[in-house]
Amino acid sequence: LEKELNENSRLKSQVRAPSEHHVHSVALDFKIRDHLETTIAPAANGENGSWELFCEDGEMKLFTREVELEGGVCVDPLRAVHVVDNISAKEICTRFWDTEVRLEWELTIETCRVCEVLSDRDVVLYQTHKRVWPAAQRDVCYVSGLREIRLEKIAYKEPELERFGELKNCWLVINYSVDHDGAKLQPGMVRATVDVAMICRTYVRHGVTNPTRKDIKTSIVYTATINPGGWVPKKALRTVYRREYPRFLRTFTQYVAKKEQDLSLNL
Ligand code: 6CM
């Protein structure tokens, strides 16, 4: 593990300028625009008929829809919304994106390796996930991009949060599958594909000019579509997702809150 983390740090130190174009820039920009236009639209709020609310815990709500590809492969999309106090969009997204802390909160993975540093905010990653019986072990290779989004690009409002405060900023992380020469399929492993977005917006209490942690609220919209890359018993897969997604969101947000609580607010 130590060797892997050192290698990740070494690769990350070979950063290029953030504005530099790379092989995935155009596709990544397209994905970002698409998620900003659809994922945070109120119509996608998951509360209409086609989505099933399967977990609710305080402000955290998780929805899913049953979707199957030809051949019976289950690719149910997941949509989660949450509102957290005391931590900012930047803090949440930075920790979600940072591979150096991945193993501290991500309970489904066995290994995580940086295949390529594309810029100081975009990387290609390779992960192996813990095997879930009776399925074969899965791996995944994806681009992961971190961005702050200018507020004029946010077309949608969150009225309840706007009653609390003023929208201060928006950060996001997009993870989507790609092929990479440094991530060849290993024997016995099945390649899964992912399309994940974590979009966070921080609000500062009305009238407060120098906010502290108790003056902020952050909304999180998290969406994930995982294709397991081969047949897996549908019932078992749905059971795993319904257990793992709430566990992930709870564990991850508690992890960020704990890590940030004694640090000064990074808005
Ligand atoms: O978004 C999450 N984590 C990110 C960092 O790791 C990243 C994760 C992608 C998840 C890829 C999962 C592929 C493995 C699928 C295995 C399916 C086989 C199960 C067999 C059951 C019988 O975006 C949090 C991800 C939370 C996942 C629940």
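Modeller: Start with Asn-175. One of its polar side-chain atoms lies 2.9 Å from an oxygen atom of the ligand. That is a polar contact, defined as a pair of N or O atoms within 3.5 Å; within protein, one atom must be able to donate a hydrogen and the other to accept it, and residues adjacent in sequence count only if both atoms are side-chain atoms. Tyr-222 places a polar side-chain atom 2.6 Å from a ligand oxygen. For Gln-127 the corresponding distance to an oxygen atom of the ligand is 3.2 Å.

Now the burial. The ligand taken alone exposes 730 Å², and the protein buries 95% of that (Shrake-Rupley accessible areas, 1.4 Å probe; for residues, only the protein chains shown count as cover).

A word on provenance. This is a predicted model: local features need pLDDT of at least 70, side-chain atom pairs count only at pLDDT 80 or more, and totals for chains, interfaces and linings use all residues. Residues are numbered from 1 along each chain as its sequence is written, and side-chain values use heavy atoms, with hydrogens and water left out.

Next, the shell. There are 22 residues around the ligand, and Glu-106, Gln-127, Asn-175, Val-194 and Tyr-222 come nearest (near means a heavy atom within 4 Å). The shell divides into 15 nonpolar, three polar and four charged residues. Here Ala, Val, Leu, Ile, Met, Phe, Trp, Tyr, Cys and Pro count as nonpolar, Asp, Glu, Lys and Arg as charged, and the others, Gly among them, as polar.

Which elements build it? β5 (122-129), β6 (137-149), β9 (193-205), β10 (216-227) and α6 (234-260) each supply at least two shell residues. Helix α6 gives the most, with six. Helices (H or I, at least four residues) and strands (E, at least two) are DSSP runs, numbered from the N terminus.

Helix α6 also holds Phe-248 and Phe-252, four residues apart, about one turn of the helix. The structure has ten aromatic pairs. In the Phe-248 and Phe-252 pair, the ring centres are 6.0 Å apart and the planes at 25 degrees, so the pair is stacked. Rings of Phe, Tyr and Trp (its six-membered ring) pair if their centres lie within 6.5 Å; planes under 30 degrees apart count as stacked, over 60 as edge-to-face and the rest as tilted.

Last, the backbone. Trp-133 and Pro-134 are joined by a cis peptide bond, with omega about 10 degrees. Pro-134 is in the loop between β5 and β6.
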